[in-house]
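Biologist: Could you walk me through how to read a model like this one, starting with the sheet and moving on to the core and the disulfide?

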Amino acid sequence: QVQLVESGGGLVQAGGSLRLSCAASGSIFSINTMGWYRQAPGKQRELVATITSGGRTAYADSAKGRFTITRDNAKNTVYLQMNSLKPEDTAIYYCNANLQRTPTWAPYDYWGQGTQVTVSS
């Protein structure tokens, strides 16, 4: 079994900051890319940011300059520091990890349960 548990969501005023965390646990051999996605009401889930095991990052245009993704490989944890939040950042944020459970199994995508981020104007 593999679990991804997110934390750090909440309600914040526009211009404020939040830090999301996601810890992967269970039977894990290695984790490749980890990332954050979000889904606003009535919209499709979209990429926010990703980070490889080597630390290479990628961001959606909407996140560039405001959000920072980092990870602690020793703790199998990924973080998303969100600054200068806007009402349009309101969404459920989901953690994703592409990981292998054993050396012989193919990598597979796992998802967290999501954490609500609400930005008031």
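Predicted model: local features only at pLDDT ≥ 70, side-chain atom pairs only at ≥ 80, totals over all residues.

Biologist: How many bridges join β3 to β8, and which residue of β8 stands opposite C22?

Modeller: The antiparallel strands β3 and β8 are joined by six bridges. Along this pairing, C22 stands opposite V78, while R19 stands opposite Q81.

Biologist: Is β8 mostly covered or mostly open?

Modeller: Strand β8 is mostly covered, with five of its six residues buried.

**Reading burial and contacts**

Biologist: Why does S21 count as buried, and what does this serine touch?

Modeller: The general idea is to compare relative accessibility with a cut-off, since buried means under 20%. S21, which is found in strand β3 (residues 18-26), has 18% relative accessibility and therefore counts as buried. If residues up to four places away in sequence are not counted, S21 touches V5, E6, S7, W36, V78 and Y79.

Biologist: Where is T50 placed, and why does T50 count as buried?

Modeller: T50 lies in strand β5, and the reasoning is again the cut-off of under 20%: T50 counts as buried because its relative accessibility is 17%. Leaving aside neighbours within four places in sequence, T50 is in contact with T33, M34, G35, Y37, R56, T57, A58 and I69.

**Reading the core**

Biologist: Which residues touch the most other members of the largest nonpolar core?

Modeller: That core has 29 residues, and those touching the most other members are W36, L80, M82 and Y93. At least two core residues are supplied by each of β1 (2-7), β3, β4 (30-39), β5 (46-51), β7 (67-72), β8 (77-82), β9 (91-100) and β11 (115-120). The largest share, five residues, comes from β9.

Biologist: What does M82 touch, not counting residues up to four places away in sequence?

Modeller: On that count, M82 touches G16, S17, L18, L20, R66, F67, Y93 and V117.

**Reading the disulfide**

Biologist: How many disulfides does the structure hold, and which residues does a disulfide join?

Modeller: The structure holds one disulfide, which joins C22 to C95 with an S to S distance of 2.1 Å. The pair links distant parts of the chain, with C22 in strand β3 and C95 in strand β9, 73 residues apart. Both cysteines, C22 and C95, are buried.

Biologist: Why is the disulfide of C22 and C95 called left-handed?

Modeller: Handedness is read from the torsion about the S-S bond, which for C22 and C95 is about -80°, so this disulfide is left-handed.

Definitions and conventions
Residues numbered from 1 in each chain as written. Heavy atoms only, no water. Helix = DSSP H or I, 4+ residues; strand = E, 2+ residues; numbered from the N terminus. Buried < 20%, exposed > 50% of the residue type's maximum accessible area, 1.4 Å probe, protein only. Contact = heavy atoms within 4.5 Å. Core = buried A, V, L, I, M, F, W, Y, C linked by side-chain atoms within 4.5 Å. Pairing = 2+ DSSP bridges. Disulfide = S-S within 2.5 Å.
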